[in-house]
Amino acid sequence: MKKKKEIKVLLVDDEVDFVDTLAQRLKMRELMVATVYDGEQALSFIKKIEPDVIVLDLKMPGLHGMEVLREIKQLSPHIQVIILTGHGTEKDEEEAKRLGGFDFLRKPADIDLLVAKIKEAYWEKIERAMTAIAFAEEGELDTARKIIKKEE
Amino acid sequence: MKIRDKLLLGFGFYILLAAILGFFAYMELRTITTRLTLVEIAGDITNTILEVRRYEKNFLLYKDKDNLQELKNYLGVLKKYIDSIKSEVIKEIGINNYNMMKETISEYEQLFDAIVDNFRSQEKITTSMRAAGGKIERRLTGRELESFLDIRRDEKNLMLYKDQETYDTFIRTLNSANLDRYEEVRRYRILMTRLFELYRYEKDSIDKIRLKAREIQSFTENLSKKERTDIDAVSKRSMRLLLYALLAFIILGTIINMRLARGIATPIKRLEEITKKVAAGDFSERIEIKGKGEIASLGISFNQMGTRLRDAMESLELAIKRLHEKQAQLVEAEKLASLGRIAAGVAHEINNPLAIINEKAGLMQDILQMSADFQHKEKFSNLINGIIGSVNRCRTITHQLLGFARRIDVIVELMDLNEAVIEVKGFLENEILLKNIRVELNIGEDLPKIKSDKVLLEQVFLNIIKNAIDAVEEGGLIEVSTRIKDENTAQVSIKDNGPGIPRDKLKHIFEPFFTTKERGKGTGLGLFVSYVIMKKLGGFILAESEIGKGTTFILEIPIQPRF
């Protein structure tokens, strides 16, 4: 089992005050947290360092959260994305689920709930990666192997 | 009877009466004209007779040819008149009278001819006598001559007076003269006797002539007089007849026409009255149908029209009422929808700053917990908890507003409404016990399972029953009833015996943020959310309330989903 500290979380939100504060609080709860302030930044970030879980706002300047989610799922399907928004409607929730979002939370969210969800999401990611390996032919699923390797 | 017939009858009566009147007047005038002709003829005859008589007198006086001629002329004229009398006039006079008149005239003429002969004879005899007298005078002499001269004096007297006395004197003188031995004297006597006979005959004839003339005269006079009287009578009769006819014309005509007019006008007037009533909006009046004429059929049509109009008005009124109700519902729904949109917009915008407050306060709490004790640590911690608590309350509001607190998308399943009600009651058991409230369940046993969203319905029941619990006093009563309303609809009613909701507040209870509870106790969203849910489920919710008696919420839920 890995240490909690090693769960890599990327917070994506244009509300700097909010996202920084939340980052501090999550760090206090032994998570690795990085913050970016819009969709583009988020996408360029995950191309360099792949987080385990992304906490994503929907209404942002530039790329909309939903677009970002779609991109992420194309780039790295294993990364679990939790939507955390103050604007979400039921339709957004459905759409997010359809695009492979892990969960849909509304601001203001309880910190303990959020942490719990992040952890769930992390385990989900691990599970999926393992399943992928199990079903994959030797050397076919590089991404999955890479993940497993890393986890080991 | 038809109006046309009635009018024809009215006019016909006048025309008939006028025709009868005209006919009578014509007949009367004809009679008068005939009579007038008679009078005229009678007048002409009278005049002619007068002329005849004038010349008769003249002739008898002068015994000359001219007067005789004139007399004959006028007699001819008279005869011509008599002959020219028309047969109808003769009938009027009487054929016997007419013939008698003719006979009298011809007798008169004969008599006259006779007297003319008589005069001629007299003249001859007189001449002979004078000659004989002269001859005797020349023969006689002396005493005898003297006697004879006496005779001649008596002869002159006789020729002058022509009467019996003078004749007797003459005869006496002749006898006493005793001259009969003379042949001439004997002849003289014979001549004288014959002359006297002629005189006597003349006298008789003249009397007869006068008599006949008078007869003719009186006859024509009578005729004329009678005709005048007749004409007078006929005129008077005609006038009377005309007067009566005129009176009959006026009185009968007026009566008949008035009756006919009333027969036409009365139903029309009635129709007019009812038409006015209908125009004023009273469709209840009906016309009494009498007979079979146009008025009756008009009445029937009118009555049908009245019935149709009334039906149309009733259905129209109903439709308008429904329309108003529908409109009010739509307005209410639209109002709630726009309120909901505004509320949602506000809720969205508030969520972000609320999240920042939440995180900052949370961070403060985090830091505080990691810090060593200091003088006000606990107080700070409480203050932060206060902030977080308020944030949570705000979150409850915004999330409830947005339907975030629970899912709001409908999941239809086959469910038992009674079961849902019982579950909700069980869920609220603590509060019910705490307030010592009686909750009666009147379960509709025949209620079928329905296809709806159990979770959402339970949410609605929960909201309303919770409100009821808040509303009633300790020991209050809440009745929850389920029943089947019709084949498509199930009905749940929740009745409390609380204080009731005033009318002006009742109409706002489904609006968001509207609450009758004291500040801080209610969000004012429970009923709004319930309303939205019921709409989503294709049903509806309404509330009835009476001050002092309580409030009833009625929920109608489609048995099969309608969305």
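Author: Happy to! Let's begin with Glu95(A), which counts as partly exposed because its relative accessibility is 24%, between the limits of 20% and 50%. Keep in mind as we go that this model is predicted. The salt-bridge partner of Glu95(A) is Arg70(A), with 3.7 Å between the closest N and O atoms. The two come from distant parts of the chain, as Glu95(A) sits in helix α4 (residues 90–98) of chain A and Arg70(A) in helix α3 (residues 65–75) of chain A, 25 residues apart. Arg70(A) is partly exposed too, its relative accessible area being 29%.

Asp13(A) and Lys107(A) meet through their side chains in a salt bridge of 2.8 Å, N to O. Asp13(A) belongs to the loop between β1 (8–12) and α1 (16–28) of chain A, and Lys107(A) to the loop between β5 (103–106) and α5 (111–135) of chain A, so this contact ties together parts that are 94 residues apart in sequence. Both Asp13(A) and Lys107(A) are buried.

Next comes a contact across chains. Asp366(B) and Arg25(A) form a salt bridge whose closest N and O atoms are 2.8 Å apart. Since Asp366(B) lies in helix α8 (residues 294–370) of chain B and Arg25(A) in helix α1 of chain A, the pair joins two chains. Asp366(B) is buried, as is Arg25(A). These two residues also belong to a network of salt bridges that links them with Arg29(A) and Glu359(B).

To put these examples in context, the count over all chains comes to 41 salt bridges.

How values were computed
Residues are numbered from 1 along each chain as its sequence is written. Chains are lettered from A and ligands numbered from 1 in the order in which they are written. This is a predicted model: local features need pLDDT of at least 70, side-chain atom pairs count only at pLDDT 80 or more; totals for chains, interfaces and linings use all residues. Side-chain values use heavy atoms; hydrogens and water are left out. A salt bridge is a side-chain nitrogen of Lys or Arg within 4 Å of a carboxyl oxygen of Asp or Glu. Helices (H or I, at least four residues) and strands (E, at least two) are DSSP runs, numbered from the N terminus. Buried means under 20% relative accessible area, exposed over 50%, partly exposed in between (1.4 Å probe, protein chains only).
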